[in-house]
Structure formats: C-alpha cells, structure tokens
Amino acid sequence: MQRFTELYRTLDQTTSTNAKVAAMVEYFEAAPGADQAWAVYFLSGRRLRRLVGASLLRQWLAESSELPEWLVEQTYASVGDLAETIALLLADRVVPDPFASRGLADFVEGDLLTLRGLEHDHARRERVTGWWQTLPYDACHLVNKLMTGALRVGVSQTLVATALAQVSGLPRPVILHRLMGEWTPDAAFAAALLAEDDGAAVLSRPYPYCLASPIERRPGELSIDEVAEQLGDVADWQAEWKWDGIRGQLIRRQSQTFLWSRGEELITGQFPEIAKAAEALPDGTVLDGEVLAWQDGAPMPFSALQRRIGRKKPGAKTLADYPVILRCYDLLEVGGVDVREQPLALRRAQLESLAATFPDRLHLSEVLEATRWSALAEQRQDSRERAVEGLMLKHRESHYGTGRKRGLWWKWKIEPHTVDAVMLYAQPGHGRRANLYTDYTFAVWDGELLVPIAKAYSGLDNQEIDELDRWIRRNTRERFGPVRSVEPVQVFELAFEAIARSTRHKSGIAVRFPRIRRWRKELAPAEADTLASLEALLP
Amino acid sequence: MRPSDLALITHAHADHARRGATRYIAARDSVPILRQRLGEDQHIDAVDYGEPIPLGDTTVSFHSAGHVLGSAQIRVARDGEVWVASGDFKRDDDPTCAPFEVVPCDVFITEATFALPVYRWPSASEVAREILDWWQANQRAGRPSVLFCYAFGKAQRVLAELAPLTQQAVYVHGAVQTITELYRAAGVSMLETLPVDGRERRDYAGELVIAPPGAAGSRWMRRFKGAQTGFCSGWMRVRGNRRRRGYDRGFVLSDHADWPSLLATIEDTGASRVLTTHGHSDTLVRLLRERGVDAAELDIGPLEGDEDVADAAVH
C-alpha cells in the first residue's frame, strides 16, 4: 500500500497537471499488474459497491472517539468528508504503516471486499475500527476513502489515460476506449489495457462519447451574426434538435444487446422496450442517441423519464404510462467495424438507410434543413414548444470524437427561464466546499409567505461565495443541524431549463437544473417574483 | 463596534484594535505594532504583564496570551470577583512571543475559532521541518516557493521556527517586512529577510517567498514563474479548505488554541462561567453545558479575526 499511499499524497499535494501525470506514470511503471488495474479503477473515479453504510460508520466513529453523536455530526458537516473526519479524529499519529509492504490489489481483495462476506456487523466493526486504531494518518485516510466512495484527488479518467498512454505508447483515445464499460480490475485487464493488441474486445464495451461545447457568451447569448462568424457556412453543419433525455449507447453484437448511459451504467434492464427493439438490428451495430419518454409523437416532460430511471425492473403499468424510445443520432459501428473516423456525412447516410428498417421504439433524429443561419435561428425559437433544449450543430466533415473536442459538436441552447428568488436556508458544501456555506434554498412569494422553489449550488464566483458565507454566518436566524435559516433579504436571479407541476414539493412546482445567475443586491426582497408568475411559465 | 473613550487592547490584529478611541492601554510589546497600525499620534499607554491598573472601582491587568508578540488576556477584578477575557490565545510554543499565562478567574471569556475536535495542532517545529522539505524540493525542481501567511504574527513565527534549520534568506512582501522589522527590534531572532523589489527583475527560482494571503492571484504574484504555493493556517488541517483555494500545500500552523487547548484552558482557569466568541462558539457552549459548565455565547456583533474565515484578507 505504501506506493499507492505515496501516489495519493503526491497527487493531493500539487495542482499541476504535468506533475500529476508524471506521478501516475511513475506509479504505473513500478506497480505489478493487479495493482495497476486497481489504481486505474480508483483513480478514474470508480468506487466499490457499498461495503459499510455511512450511518454505521458514523456510529462506530462516535463510539471510538468517545465524542457525543451530535458533535461527530457537527464535525463531519464542517469537514465535509467522512473518510477524512474519521482519520482526523482517530488516526492523528505518526507510526509505521503495518500495510506498507502489501500491494494495493492484495489489500483491496483480501481485506476490503471481504468485509461484505462477514456475517455480523460486529465482525465488520472489529476489522474497520482496527484500521482506525493502528494505521498512520495517511494510510487511515486512504483506506477510509477506498471504503466509502470515490477517491477525488483531482485526476480525471482522461488524465489517467494520458499517463497510461505514456506508459504504453498507445494513443490516448485507444486507452479511453478500453477503459469504457465494465471490466474487472485484475492483472489480465491491466496487461490487455497496455498491450499493442488487446486481443478479443469485450463484447459489451461502449465507445467513449463525443461531447458538445456550448455556443454562448457569459452573460447572454450570441447574435446570429456572431454565430455565423464563429461557425462559417451553414451548409457545413448538420443541425438537429437537442433532446432533454438520457444519452444512451445501444450495442447489438453477437445477438446480445447492451444499452449504456452516459455515466457508463448498463441500463438495458430498465428499458426493456428498447432492448427488444434492438433485436431487429444487424449484429455489430452501435447507435448513439437519446432515451426519451415519448407519447403521441412528442417527448413527455423529463419527470416522466425520471419515473423510469429509478426502476430496475419496470412493471406493466409503468411501461404503459411512461413509454420510452431511443432517438438515434449517430452510428458508431457497422458490421462490427468501428466507423468513428468516417466523416459525419457518411455515418449519417448509413444511419438513414439503417433507420429505414427501425422498429417503432427506435427513432431517427431528424436533420433540420436550413440554407441560412437566420432560418435555423427561427426554428430554434420553437424549442420550448417542442420540449427540446435548443439545437445541436455537428460539422458534416467531423469524425466522432473522444470526449469534448471543441469545434466538432456545438450545443446552441435556448435562453433559460429566470426568476428572482429570496434565499431562505444555507448549508455547508462537501469536499472543497467544506466549512463554507454553498448550498442554498430559494423561495418566491405566495401572498405573504415565502415558499421554497429550488436549491442551487452553482453560479457564484469564489469571491461572491466568500462574501455570502460571511453574510450567512452573521445573519443566521436558526440552526437545524448543519442547516441555517437566514434573514430573508438576499435576492438572487436563478436560471432554470424547464418547469413542471410536482406533488412532491410544497410549492407544487419543480424546476429543472436551477442555478444562480446573479446576486441581485439592488433588489429588495419584496421585489422577488411570485409563485403565480412561475406558474404562468408552466407548459 | 462603537468608538469609546478608553480601549483596552488584547493585541494589534485589525479586528481587535480599531481607531477612534481617545486613549488606549496595551501590553508593552504590542505598542510599536499598534502605533504602526493605528498611527503614531495615538495616545497609547504601555503596561507590563501583571501590572495592576486601577480603573474606576475595578483593577485591570494584562497577562500574556501567547497569540502574537505583545498579545494579552485582560483581567478585571471587582469586589473579589474576577473576569478574564482571553482575546485570541494559544498554548503552543512560540519563539516570537511570551507563553500563555493561566489566570484563575470566575468568568472566562474565551475565543472558540477552532472549537471542533478535528482541530489539533502538530508541533510547530515539525511543521517548520515540512516547510523546509517542501522549499528544498521546489529548489531542486528550480521553482520558487510562495508561502502565504498572515503578515503579522504567522509570518514572523515561520521565520523564527525556520531559523534553527537553515541559514538561507527569505524574500518577503512589503506588508510582511514592516512587521518583521518591529519583531527584530523587539529582539526576536528570525531568518534574514529580503524585500521583493518591484523594480528589480530577478529570478526567484529556488527562493522562499512569504506573502500575505491577499496577494494570492494578484499581479504581484506574476514575477514568481512556476511557483508552488503553500498556506500556513489552522484551517489547513481540513483538506477541502486547501483544495478550494487551489494551494498546492497546506501547513497546519495556527496562533489560536486548538480543541484540546481550549478545553484544558477552560479547566485550568477554574472559571465557573464561560462565555464564548468567534468561530464555533455554539459547539463549545453545547459541549460545556453537557459537562455541567455554565456556558453561553457572547454576542459581540460581527467580528472577523485573522483566522475566522479560512481566507481572511491581509491583516
């Protein structure tokens, strides 16, 4: 564990990307295969399925530290990270690491994963609190991290791939592709990952998604002339609606079907009607598209799709009430051959001919015809009516990129709705926002009352966050655990994408993707918006 | 806070010493710094630690708080009842100021900036060793090391703690230099300091530079090409506090009492009543009450100390 603990420390102690890559390269070059595989697993943000519940860990922490539970809770709320809170409270010591000579894989497979096999909580407790009592600070912190969730040490999957590309001499996109989907972190995987030829590819493996960059300027949006200037001839661009669903990759290989989400989760079982439809596809076909709840030739609100997301095995009623489709917009594999390097125009032609045989749950995403930018802009005005987020613009000559490559795909979203709302509650954030009030609840007027309508976490710059944090501390009315109610006087302009009725919220409405646009210090709370003005925006 | 005729000053940090009083009383060692901050023309009476001062029907005395040079607790006695206001204090060793003195009292007004059990300080000499290791590693990589410290107190403590470990001179920001000279005049032994000269074009590769936190991200920083940055503060005990500001390194060094010191000090004073200010006041009060101590938060209005918020401006 010593090598991995040192890698973690090095990554944590620098903000330089080059230094991080260098540290990972050094680790990968020295570590044995199984350790390499587990390191890739954790560094790329993957986490172990839950081993011990967080509330149980907190209880053990209170018992081990001999502190009252409320104080443990308050401390945790301030630190914002359970793994770190435990290490700070219990392992504040410099001692030799008893696990120093053990490999990462040996520890994870031998001591961590086997926690699940222990029959009784007290056996789990004994092992876990044993680590807390004996490990030095760094090792205790790291073991807790591995046990409780993602590593979060400022490296992304792309950065890990950069290091692996350096170690193997392979292009980074190849590494990124091999890291997609499901794999077992073991020596064989590590060997295949770094090999020139990785042998028979994993049947279910998806391709890395091509991501779009926003066309916008903060604040406000670009004029048509500016868009035209930035993108050039409209004829070079394929325009489509930008759907508000779940990005999905549908794979049909060797008579098997896999549907992957953008977050690389297998969601085949959640959407059996799409899986069924995929049986009509020829073997060796991979489609990129959007899962949408769809009825009577139009998308249903996102809340309908949410009913489906949480159900691993949807029942007949759910299937009937919230039918879904896959709106297909790209073709990545034809006859088992990766066609991502072909220009979009060519991929599109093949997609269209394939779509001629699509069963009814697979739809072809239509291409919007326009000979002038102004004509596209006009169609874009219909977005809200059509329940889409705006337009997608894809260069006709573009290959299907890995990740967000500027210039290949653009999203030209419509301006969001906005509302002026009053801050009611604040709560400290987690991780790098620990001990800083960054999670806010906002309300609008319903007669004489302020009713909460949204929580928002983002949109302020660091300076504003600091200023607001100080204000919150001085203007607290009441404390409810980590939450503070504040004087209802600060007004903020919130932006959101869509609004729908909701029975779960007191206000009766739910807004989608709320975020802070501006701190409107010039507005008095009485000038904030009303619930009625929000209801007027309901579709 | 309203201006008053007479102000008793615990120490010269900006949140504890403001302009506007007709007359000030302060511990002798803090007077030069106080003058530098409040102006040369102020009426300031210097007193020694422990020297009794009759004020109305009370007797007032100043006692070392161990926070920074010249910092004091203030003891007020009347009719056999004793109150002590701690001001900011710490119990840890500090070569730049007199150590904290335990003053028995009936009512103890304590700061609570770091009143959470995760705040426990490593020894300052250990931290100085870490700083030196970091500086030397950056030196080998040909990079400047920019260490952010509060200009008054922390910067001098770092310079003093480093003194036994190296002979190398340290570059300092103007705000740090001014106070450092006052410390030297008071006989505090520290590493040699050199000013960062605005006009001179020089390469700071391998040098250690001490600057106030407010200089982070400013134009002034541009001269330190490829610098690694560090921050010295009790808040650096928690990783999120460091990561959100993007410092490469955090060094846990505070001039405030940590959690064990707060609890020990309250017990040491023998106070039957405890009033808390700053930081996690509410937490400390709740814990003390659970332990049967008569405790309450003292509302003294909005105050911000040198470490009240993790990224306080330059003091």
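Two strands pair if DSSP finds at least two bridges between them.

Before going on, note that this is a predicted model, in which local features need pLDDT of at least 70, side-chain atom pairs count only at pLDDT 80 or more, and totals for chains, interfaces and linings use all residues. Residues are numbered from 1 along each chain as its sequence is written, while chains are lettered from A and ligands numbered from 1 in the order in which they are written.

Show Gln238(A) and, opposite it in strand 11 of chain A, Lys394(A).

**Chain A as a whole**

Zoom out to chain A, which has 20 helices and 22 strands. Its radius of gyration, taken over C-alpha atoms, is 26 Å, close to the 24 Å that the globule rule gives for 539 residues, so chain A is as compact as a globular protein of that length. The rule is 2.2 Å times the number of residues to the power 0.38. The C-alpha trace of chain A spans about 70 × 70 × 50 Å along its principal axes. Of the 539 residues of chain A, 36% are buried (20 or more other C-beta atoms within 10 Å of a residue's own; exposed means 12 or fewer, partly exposed in between, with C-beta atoms placed from the backbone).

**Two loops with positive phi**

Most residues other than glycine have a negative phi. Go to the loop between helix 9 (137-148) and helix 10 (157-168) of chain A, where Arg152(A) is found. Arg152(A) has a positive phi of about 50° and is partly exposed, with 18 other C-beta atoms within 10 Å. Next select the loop between strand 4 (246-253) and strand 5 (256-261) of chain A, which holds Ser255(A). Ser255(A) has a positive phi of about 60° and is exposed, with 7 other C-beta atoms within 10 Å.

**Where the chains meet**

Select the interface: 27 residues of chain A are in contact with 20 residues of chain B (C-beta atoms, placed from the backbone, within 7 Å). On the side of chain A that touches chain B, helix 5 (69-79), helix 6 (82-90) and helix 19 (462-474) of chain A each supply at least two residues. Helix 5 of chain A gives the most, with 5 residues.

**Chain B**

Colour chain B by its domain assignment, domain 1 (6-118 + 255-297) and domain 2 (124-251); the bounds come from an automatic or database domain assignment. The C-alpha centres of these two domains of chain B lie 28 Å apart. Their contact takes 17 residues from domain 1 of chain B and 18 residues from domain 2 of chain B.

Finally, colour chain B by pLDDT, the predictor's confidence in each residue, from 0 to 100. The mean pLDDT of chain B is 91, and 93% of its residues reach 70 or more. Over residues 302-306 of chain B the pLDDT is below 50. The model scores ipTM 0.90 and pTM 0.84.

Methods
Contact = placed C-beta atoms within 7 Å. Helix = DSSP H or I, 4+ residues; strand = E, 2+ residues; numbered from the N terminus.
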